[in-house]
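Please look through the model below together with its sequence.

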Protein chains: 2
Amino acid sequence: MSGSEQDSSGGQRLTPQREAVLAVIREREDHPTASDIFEAARKRLPSLSYATVYNSLKFLREAGMVREISFGDCASRYDGVIDRHDHAICSICGKLVDFDLPEAAELMRAAARKSKFKAESVHLTLTGVCPDCR
Amino acid sequence: MSGSEQDSSGGQRLTPQREAVLAVIREREDHPTASDIFEAARKRLPSLSYATVYNSLKFLREAGMVREISFGDCASRYDGVIDRHDHAICSICGKLVDFDLPEAAELMRAAARKSKFKAESVHLTLTGVCPDCR
DNA sequence: ACTACAATTTAGAATTAGTCTAAGTTTAGG
DNA sequence: CCTAAACTTAGACTAATTCTAAATTGTAGT
């Protein structure tokens, strides 16, 4: 250990692989799984490995640049929109869309009171039928 | 096919295996995973197979007798409390507790309006630190 | 009771998501 | 250049879940 621990990024870099993963997530309207991301990112960086996708996702998640969401089916989805928001899932076609409920801050307080937890975040999931499936 | 299609259960039964799975879920305060359930149910029905646990969970879920919940880590949890309720997850120890937010009905309406979905249910997840971890 | 059919269970193989490891590569600093 | 730390790679590995095919059980009708 030298005395100089100079930058807040702790020597971590946004490598081309990480950039490619981030770009894929941001470009897509839907919420891709790790394997969707792997396939798409591989078109830019053909040598990209699956493990690197997971490593990159972990890095980006910890850096607050993407968000991991999951519903039921054991395959996390990734979301490049990092502002707090909620999700609606179509019970017919499985489509996942974003929306924001402005009353969330207040909700979080109410939920923390009820559960006796110290609140960090709240997330609301609506299950229903999307406009296309009606 | 005889003319008599007598009962609404469509010939489906609550077998001893399904009962055992249901009993395990109802007896536990926590929210067991499929493998927790498998181990516990096997103590009553030693011949029980893993596949039957999954089949039973599917049956019970579709019959509305248990609820499947999942958070992040690719291992669904099961909950025998079927009234509508919300969950709080401890970001330190992973503990999952139930609580109910009475304003849910109103929330569901607001969320449906925002997302343009026809609402079926809402579920709120609070992430935070549980009382034990503070 | 006996037969036939449908629903169910079983064991284990197969699939899928995600993690780990070890070796090679890149980058920044001296 | 030389080194150390951070990264990437391929592939092995683990864990969760689904699938398949054969054996079993339950129900109706005879």
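The dialogue that follows takes up the DNA surfaces, a helix, the nonpolar core and the strand pairing.

This is a predicted model, in which local features need pLDDT of at least 70 and side-chain atom pairs count only at pLDDT 80 or more, while totals for chains, interfaces and linings use all residues. Residues are numbered from 1 along each chain as its sequence is written, and chains are lettered from A and ligands numbered from 1 in the order in which they are written.

Student: Which helix gives the most residues to the surface near DNA strand C?
Tutor: A residue is near a strand if its C-beta atom, placed from the backbone, lies within 6 Å of it, and 24 residues surround DNA strand C, with Ala51(A) and Thr15(B) among the closest. Helices (H or I, at least four residues) and strands (E, at least two) are DSSP runs, numbered from the N terminus; α2 (34-42) and α3 (50-62) of chain A together with α1 (16-27) and α3 (50-62) of chain B each supply at least two residues. The element that gives the most, with four residues, is α3(B).

Student: Which helix gives the most to the surface near DNA strand D?
Tutor: DNA strand D is surrounded by 26 residues, and the closest include Gln12(A) and Ala51(B). At least two residues each come from α1 (16-27) and α3 of chain A and from α2 (34-42) and α3 of chain B. The most, four residues, come from α3(A).

Student: Against which elements do the buried residues of α1(A) pack?
Tutor: A residue is buried if 20 or more other C-beta atoms lie within 10 Å of its own, exposed if 12 or fewer, and partly exposed in between, with C-beta atoms placed from the backbone. In α1(A) the buried residues include Arg18(A), Val21(A) and Ile25(A). Contact requires C-beta atoms, placed from the backbone, within 7 Å, and the elements packed against are α2, α3 and β2 (77-79) of chain A.

Student: Which residues touch the most other members of the largest nonpolar core?
Tutor: Such a core is a set of buried Ala, Val, Leu, Ile, Met, Phe, Trp, Tyr and Cys residues joined through C-beta atoms within 7 Å. Of the 24 residues in the largest one, those touching the most other members are Ala111(A), Leu124(A), Ala111(B) and Leu124(B).

Student: In what sense do β5(A) and β5(B) pair?
Tutor: Two strands pair if DSSP finds at least two bridges between them, and Lys118(A) stands opposite Val129(B) in β5(B). Over eleven bridges, the sense in which β5(A) and β5(B) pair is antiparallel.

Conventions: Two residues are in contact if their C-beta atoms, placed from the backbone, lie within 7 Å.
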